[in-house]
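Visitor: I'm new to this one. Can you walk me through it?

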Amino acid sequence: MNVPLLDLNRQYDSIKDEIDEAIQEVVDSQYFILGPAVEKFEEEVADYCGVKHAIGVASGTDAIKLALQAVGIGEGEDDKVITSPFTYFATAGSIVNAGAEPVFVDIKPDTFNLDPVALEELLTTNHSLQTEAKAIVPVHLYGQMADMDEIMEVADEYDLAVIEDAAQAIGAEYRTESGHVASGQWPVDGTEGKLASDDENSSLNEFPQATGNEQQAYKAGSIGHAGCFSFFPTKNLGGYGDGGMVTTDDDELAEKVRMLRLHGSKEKYFNEMVGHNSRLDALQAAVLSAKLPHLDEWSQRRRENAKKYNERLADVEGITTPVVEDDRNHIYHQYTIRVGDGKRDGLQQDLNENGVGNKIYYPLSLHQQGCFEYLGYEEGDLPVSEKAAEEVISLPAFPELKDEEIEYVCGVIAT
Ligand SMILES: Cc1ncc(COP(=O)(O)O)c(C=O)c1O
């Protein structure tokens with residue numbers, strides 16, 4: 001049997017008429033860049049994420065860069081931005097392209113997300129960083145949100161902007177009592193945005209543990225000062241090309257991102273700053289609008305697939321299945337297991353030989369990338385991230401995966 005890591009044809013087959021019609025409408029309109037289809041999709045994403053503004057840009061990479069620039073990153077000569085070393089390269093690449101230096105903080109071994117204790121420790125002990133650090137970019141890796149309460153608290157203490165890298169986490173939720181939403185340097189004028197728990201669709205989002213009424217669920221991209229999404233085709237909400245989005249409750253920040261995506265102009269041919277060409281195109285927006293109503297159901301199916309894997313792999317020696325925090329709702333952009341005792345590469349070979357799609361996200365911690373040698377990190381500096389790079393492997397978990405395929409994958413792993 002061959003089991004692909006992801007089969008987008010199955011998704012297209014299930015909604016072909018909706019997609020074809022959406023594309024045809026854009027072709028008929030001959031309006032290809034920004035315009036009504038993009039505005040409609042922006043409103044839908046703002047509503048879905050529970051924020052005031054959603055601004056369509058050319059990619060997730062640009063979303064991070066533009067959001068950082070919109071909060072002033074790159075204006076100072078020594079600006080530093082703190083992030084996770086265990087993420088796709090774009091997170092740190094965007095920090096550099098925004099004009100700052102990345103500073104890596106190690107991750108938690110169970111969820112692979114930025115460790116808030118290590119974050120606090122670094123800021124407490126590194127006095128120059130206290131003035132040079134301007135922002136934190138937490139990454140909601142694999143589809144589970146980072147420890148946002150703790151991260152927002154540290155950000156408040158040190159006056160840092162928080163730009164969520166939610167590229168892998170659209171629709172993921174975080175329950176909190178704190179109401180700690182984008183306070184600090186960029187106050188939201190008392191407009192907290194719509195709670196994800198107000199959304200009738202969120203009944204689809206089961207939390208692993210029942211939570212008290214006083215807690216509210218916030219969607220990824222609605223807690224920090226801005227959230228950044230990718231619509232790369234393989235994402236849970238994927239376009240038919242590149243695309244990205246910045247979400248925020250802050251009017252001023254939203255306006256800056258809108259200008260930055262259009263060469264720094266509010267009014268065409270009048271430029272107040274030097275920006276970029278980073279516009280979402282109408283074909284992507286139309287495809288994504290057609291897909292968005294299906295997203296929660298797709299995420300639910302991913303969760304069901306994860307549950308089946310968890311049960312089947314529970315007793316397989318040396319394998320650790322994903323850990324989901326009690327107050328969080330995973331959307332399983334990736335179903336990623338840990339394989340201990342140096343056995344990961346052998347398992348990958350078995351999977352490859354038996355036709356099972358798989359991928360290692362990510363084989364090298366970012367502080368060890370050649371392009372970041374100038375930052376001066378050494379092997380052993382971020383041990384949790386380095387170990388994760390040696391042990392993780394992602395398995396097929398896409399919504400249309402069949403039970404017999406999961407069974408087959410587990411059989412290959414167990415033998
Ligand atoms: C964590 C993370 N950040 C940023 C990006 C960049 O998004 P894009 O590929 O749309 O530029 C991606 C996806 O590719 C990602 O997974």
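Guide: Let's begin with a term. A crossing of helices is left-handed if the near helix is turned anticlockwise from the far one by less than a right angle, and right-handed if clockwise. The model here is predicted: local features need pLDDT of at least 70, side-chain atom pairs count only at pLDDT 80 or more, and totals for chains, interfaces and linings use all residues. Residues are numbered from 1 along each chain as its sequence is written.

Visitor: Which hand is the crossing of H10 and H13?

Guide: Right-handed. Helices (H or I, at least four residues) and strands (E, at least two) are DSSP runs, numbered from the N terminus.

Visitor: What is the angle between H10 and H13, and how far apart are their axes?

Guide: H10 (residues 295–313) and H13 (residues 403–414) pack at about 30°, with axes 10 Å apart. Axes are lines fitted to C-alpha atoms, for helices over the stretch in contact, and angles run from 0 to 180 degrees between N-to-C directions.

Visitor: Which residues make the contact?

Guide: H10 brings Asn-305, Lys-308, Tyr-309, Arg-312 and Leu-313, while H13 brings Ile-406, Cys-410 and Ile-413. Contact means C-beta atoms, placed from the backbone, within 7 Å.

Visitor: New topic. What domains does the chain have?

Guide: The assignment gives domain 1 (8–293) and domain 2 (294–414). Such bounds come from an automatic or database domain assignment. The domain centres, taken over C-alpha atoms, are separated by 23 Å. Their contact takes 42 residues from domain 1 and 29 residues from domain 2.

Visitor: Which element gives the most to domain 1's side?

Guide: Strand S6, with four residues. Helix H1 (8–29) and helix H4 (89–97) are among the elements that give two or more.

Visitor: And how many residues are in the largest nonpolar core?

Guide: 111 residues. A nonpolar core is a set of buried Ala, Val, Leu, Ile, Met, Phe, Trp, Tyr and Cys residues joined through C-beta atoms within 7 Å. Buried means 20 or more other C-beta atoms within 10 Å of a residue's own; exposed means 12 or fewer, and partly exposed is in between. Helix H2 (residues 35–49) gives the most to this core, seven residues.

Visitor: What does Ala-67 touch?

Guide: Leaving aside neighbours within four places in sequence, Ala-67 contacts Ile-163, Ala-226, Cys-228, Val-246 and Val-257.

Visitor: Why is H8 largely enclosed?

Guide: Because seven of the ten residues of H8 (residues 251–260) are buried. Val-257 is one of them. The buried residues of H8 pack against elements including strand S1 (53–57) and helix H3 (60–70).

Definitions and conventions:
Two residues are in contact if their C-beta atoms, placed from the backbone, lie within 7 Å.
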